[in-house]
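Please open the model in a viewer and keep the selection tool at hand. The stops below proceed from one selection to the next.

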Amino acid sequence: MAATVVVCPRRAAALPAAAVPALRTATAVLAAAELEPGVRTAAGAGTWDGDDPAALPDGTVLLVPAGHPAADDAAIAGPDGAALLDAVAVMDRLRSPGGCPWDAEQTHASLLRYLVEECYELYQAIEDEDRTELREELGDVLLQVLFHARVAAEDPGSPFGIDDVATGLVDKLVGRHPHVFAAGEQVHTAADQDRRWDELKQAEKRRESCVDGIATAQPAVALAAKLASRTAKAGFPADLLPGGGSEDHGVDDGVADGLDDGVGERLFGLAAAAQLDGGDPEAALRTVAREFDARVRATEKAAAADGADPHALSADQWRRYWAATTCV
């Protein structure tokens, strides 16, 4: 093929970085009519008449959008993730003057219910092992991220955009994986990485309590499980958990490994009984979880006031200071 075919994002006014050397040495630059006008202008491209790319003169660079028939034989394609530029451009168009009135009216608060719904729909697609639905629902969750970032960019007091969100994520991932992105440190197992992640997160966030950062708005069962998991990592004795427990966290190995369906049946039975008795199982469990959260914090403060390190309490220390506090 005489022409070098370059695939560009469909709706974003951007060129793949890999195309820059080819453009610098090109004898002619042409663009498909379907390409975003901003890309054609930026590249100084003429309009391609649609003839066979193989018939174009040597040194010609042909710019086509993703999905164009000529893209099948592309010499230069955008990197993985280039289509995200299209998604950002579409969101910008929808939210800008002349776009969609409904999209333009949305706020972070008005979008909350959609965020929750889309996450649950993605959860169901994974449970159902439906690959088609999985791909679609991932897109719907991505839309929520793009939407909230676009709304945030318009904030008059403290604006930030999708690039700020992505940069923060990259910094976090790199910073919490020094064994991957920095020389010297080594992590050999997933369990080691889990512990190291918690250590780095603790240092980064400077959290006062082992339960800081837990989203208390999540469903009650998930909240209780998260509180139990986080406090266990802090050395909290399992027998002090609400409802009692044992040193092995009150479950056998099968349940701990998620292999015993009986735990689900027991949870269902408790919820059903509470509901049929006129109670609210979600509210009841949430109340206990919030009280447990508050008592853990009170115990840590009591330990700190006594000169102990609240981030390194032994089981005996947990028991001693726990006994000195009450549920709040």
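Which residues does Trp322 touch, not counting residues up to four places away in sequence? Select Trp322: its contacts (heavy atoms within 4.5 Å) are Phe236, Leu240, Phe292, Arg295, Val296 and Thr299.

This is a predicted model, in which local features need pLDDT of at least 70 and side-chain atom pairs count only at pLDDT 80 or more, while totals for chains, interfaces and linings use all residues. Residues are numbered from 1 along each chain as its sequence is written, and side-chain values use heavy atoms, with hydrogens and water left out.

Next, select helix α14, residues 315–323; helices are DSSP runs of H or I with at least four residues, numbered from the N terminus. Gln317, Trp318, Tyr321 and Trp322 are buried there, that is, under 20% relative accessible area with a 1.4 Å probe, protein chains only. These residues lie on the same side of α14 because they cover an arc of only 125 degrees around the axis, taken from the directions from the helix axis to the C-beta atoms. On the other side of α14, Asp316 and Ala323 are exposed (over 50%). The cover over the buried residues of α14 includes α13 (281–305).

Now display the largest nonpolar core, of 18 residues: buried Ala, Val, Leu, Ile, Met, Phe, Trp, Tyr and Cys residues joined through side-chain atoms within 4.5 Å. Among those with the most contacts inside it are Val211, Phe292, Trp318 and Trp322. Helices α10 (220–233), α13 and α14 each give two or more residues to this core, and α13 gives the most, with four.

Finally, select α3, residues 83–95. Its buried residues are Asp86, Met91 and Arg95, which pack against α4 (101–105) and α6 (131–153).

Terms used. The expected span of a helix is 1.5 Å times one less than its number of residues.
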